[in-house]
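Dear colleague,

Please find the structure below, together with its sequence. My notes on what was found in it follow, and I would be glad if you read them alongside the coordinates.

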Amino acid sequence: MGALAETRGAPAPVGAQRPANDEGQNVEGSARALLRFITCGSVDDGKSTLIGRILYEAGAVFDDQLGALEADSRKFGTQGAAPDFALLVDGLVAEREQGITIDVAYRYFSTEARSFIVADTPGHEQYTRNMATGASTADLAIILVDARKGLLPQTRRHSFIVSLVGVRQIVVAVNKMDLVGYDEAVFRQIEHDYRAMAAGLGFSSIDFIPVSARDGENVTQASRLTPWYRGSALLPFLEAVTIAAEAREEAGFALPVQWVNRPDLDFRGYAGMVAQGRLRVGDGVAILPSGRRSSIARVLAPSGEVSQASAGQSVTITFADEVDASRGDVIASLADAPSVRQELQARLLWTGEAALREGAEFILKLATATANASVTQLQHRLDVESFAEVPADSLPMNAIGQVTLRLDRPLAVHDYSRNRELGGFILIERLSNQTVAFGFVEGVQPARLGARTAEQELSLPLRLRRAMASGVGRPGSAQRRAFASGLSWRAGSSLALAGATIALGASGGLAATLAVGDFVLRPLAHRAHKRLWRRPGAGDLQDGAGI
Amino acid sequence: MIQLSHLQKLEAEAIFIIREVAATCEKPVLLYSIGKDSAVLLHLAMKAFHPGKPPFPLLHVDTTWKFREMIAFRDETARRLGLDLIVHINEEGVRAGVNPFGSGSRLHTDVMKTQGLKQALDKYGFDAAFGGARRDEEKSRAKERVFSLRSAEHRWDPKNQRPEPWRLFNTRKATGESFRVFPLSNWTEKDVWDYIALENIPVVPLYFAAKRPVVRRGGAWIMRDDERMALLPGEVVESKLVRFRTLGCYPLTGAVESEAASLTDIIAEMRSSRSSEREGRVIDHDGSGSMEQKKQEGYF
């Protein structure tokens, strides 16, 4: 742990010398539970204004930034003399000039109850990919609806994309309530319409809050203008909400190999972030896609050497034996392992400027693996208005479609609904290096890897070496010495037999034949005889015998 | 399931990003600017490749106007960790006599920092450079990717950024293009200090309050670190208890009056502060789009 120890100051406990680094792993620490959320909605629904308002009310805007905001509001603002909170988040000059959000902006703030990362995403259809990017790491989505306009095509589109990337908790913020006189009927109609629209999207919870981002009503505290609304204001709601996904422990672990760490001849480690589950020292593993087997010898976490690691940790592991793995391989548990596929069924969110057509070829990146991929079939496109599948021969920008992909090598994958890391991928256009699609693997069941497959999937030279080792033992072992002594004894007795044959007057040829025959046949006869007398029992079943 | 704290999640993400660069780029370099963010970045890089060493050198673009304590700390850190340190100075700028007093902050920063950085990256052919920038620092940084693609001329195009869904970084680039990579993108100033305290990471003593010789100039307390800073009429050097929230060129970095002499004090002070850490940075106040402008020109 020399290098690690040196990076720390003198008083810090040194990783390797600490008896149990595991202890340090279970503490929640001083930091509060983090909530990552996104805001989305149509253009001019007031997303940036809402975020700016929350940042301001949560005390996350400093005095010097407020000073700059006042100057900017006079120059670019849309609120007359009042500060335009959208300018706190619309950071690019082009955005301030046009008064719209182009790119996803990440903002960080915390209250007494919680830390937050919010992704403010663009409303324009043209920038859907930036909205999807923000959604891909979110725990919860706030969908803004303009009270005057009700549900718009973008509301449906964003709701669908949020559902596609796996966000399960939704807050519908019905904004600009001030412009409809805080009318409950308007709010209830939107609630009714949204529930009907989202029925098939698989959300686990949908909450509705009437707000005015501009005036700060129901943003950080309950508004007196909406006495008919019994729920919390938006920020208290976000502070209190529990995230369902965090509590779930997935069966089976998977560690995509990111980097092979070979600082010297004595250490060969495999570094990466655990994509799912929990791995422990001593666990048997398969290295996918090859299927080679090993077990975990050591686990090095950022805190030092530990006995186990789980999803979300960046670790380095070593194997108990000399198996080889490289970047792009997945180290997986034998049960609930990723499936090895060379053909994928997937949904695509197409983000390329030129439309996708069947037969097109791309570079696919999934976890740490890359492969060449061709779109062999475009099954259908999704109509965002009706959520219906319609036949299509191309996918224009921002469209969602179902495809079959053929890869030039097999990859270990999970269904996206099971694991985002091993089920989500991007397609890269080879000439421009642009990211042209987000992909979601579908229709894959976890694999259970039996012992037999392991033996079958071993390479031929390795199988010969294994067979050799099981017959004659490893160099230096007692089995190897016994084999050598038996060999010299048999060679001696065969030579003696040849000598006796010649002494009895037979030709040299006959003597040689007898000697060789004795040397080869006698051990075989001995083995056959032994096998005849051996009683069958559970202990005699060989690895790969089918149980 | 091991519950990871907020800091452990940020740590894991940063290590992932650092390893991703090492695995996919040909010749990375860590832009070491000596400040607290660089200290955290370097600490994470050491962890990412443990028990080996980071497979890339450190690069410091020296404007020749850094605090003397920063330079001493820089050399000591590289020696202590046994890492290669490349120091690059824009000699053309030095010969032309560019300095923060006579040339103004904008020209000085452009020539000595931005142009100096581009010279160094071109000279050694680095195709990826780590930086310690965080999205919470400044509005245009909040919109920048973790892997920020730069053209062969080092320009950033904010309207043509690649989407980065999940943790999938598209690390492909054409010959001549390069990446600026920001593993601390999702950290806040508070996270950085909490992590420094948790991991006992050494930082430059200038962050802690001490009596220092300062001059009131342009509404800020400027530390007179050497004789090159000539006093203007009416200016007097005062000894004041001050510290720095960020570190840069000493004539361009305002000190804050503070009694925070320990990490605990600093964290407590930051919680109650009503101004952002970049307040003391003279270069940020050239107009609210100025950071974006500088980034487009190749600044970190």
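The secondary structure of chain A comprises 15 helices and 25 strands, and of its 547 residues 42% are buried.

As for confidence, chain A has a mean pLDDT of 81, with 75% of its residues at 70 or more. Within the chain, the lowest confidence falls in helix 1 of chain A (residues 2-7), with a mean of 37, whereas the highest falls in strand 19 of chain A (residues 361-366), at 98. Residues 1-32 of chain A stay under 50, and the model has 68 contacts beyond four places in sequence for them; residues 535-547 of chain A are likewise below 50, with 7 contacts beyond near neighbours in sequence. Where pLDDT is low, the predicted coordinates should not be read in detail.

Turning to chain B, helix 1 has 19 residues and spans 27 Å from its first C-alpha to its last, close to the 27 Å expected at 1.5 Å a residue. Because 15 of those 19 residues are buried, helix 1 of chain B is largely enclosed by the rest of the structure. Helix 1 (residues 6-24) packs against helix 2 (residues 36-49) of chain B with the axes 9 Å apart and at an angle of about 70 degrees, and the two helices are therefore roughly perpendicular. The residues of this contact comprise 6 nonpolar, no polar and 3 charged; among them are B:Ile15 and B:Ile18 in helix 1, and B:Leu44 and B:Lys47 in helix 2.

With best wishes

Methods
Residues are numbered from 1 along each chain as its sequence is written. Chains are lettered from A and ligands numbered from 1 in the order in which they are written. This is a predicted model: local features need pLDDT of at least 70, side-chain atom pairs count only at pLDDT 80 or more; totals for chains, interfaces and linings use all residues. Axes are lines fitted to C-alpha atoms, for helices over the stretch in contact, and angles run from 0 to 180 degrees between N-to-C directions. Helices (H or I, at least four residues) and strands (E, at least two) are DSSP runs, numbered from the N terminus. Angles under 35 degrees count as roughly parallel, over 145 as roughly antiparallel, 65 to 115 as roughly perpendicular and the rest as oblique. Two residues are in contact if their C-beta atoms, placed from the backbone, lie within 7 Å. Ala, Val, Leu, Ile, Met, Phe, Trp, Tyr, Cys and Pro count as nonpolar, Asp, Glu, Lys and Arg as charged, and the others, Gly among them, as polar. A residue is buried if 20 or more other C-beta atoms lie within 10 Å of its own, exposed if 12 or fewer, and partly exposed in between; C-beta atoms are placed from the backbone. The expected span of a helix is 1.5 Å times one less than its number of residues. pLDDT is the predictor's confidence in each residue, from 0 to 100.
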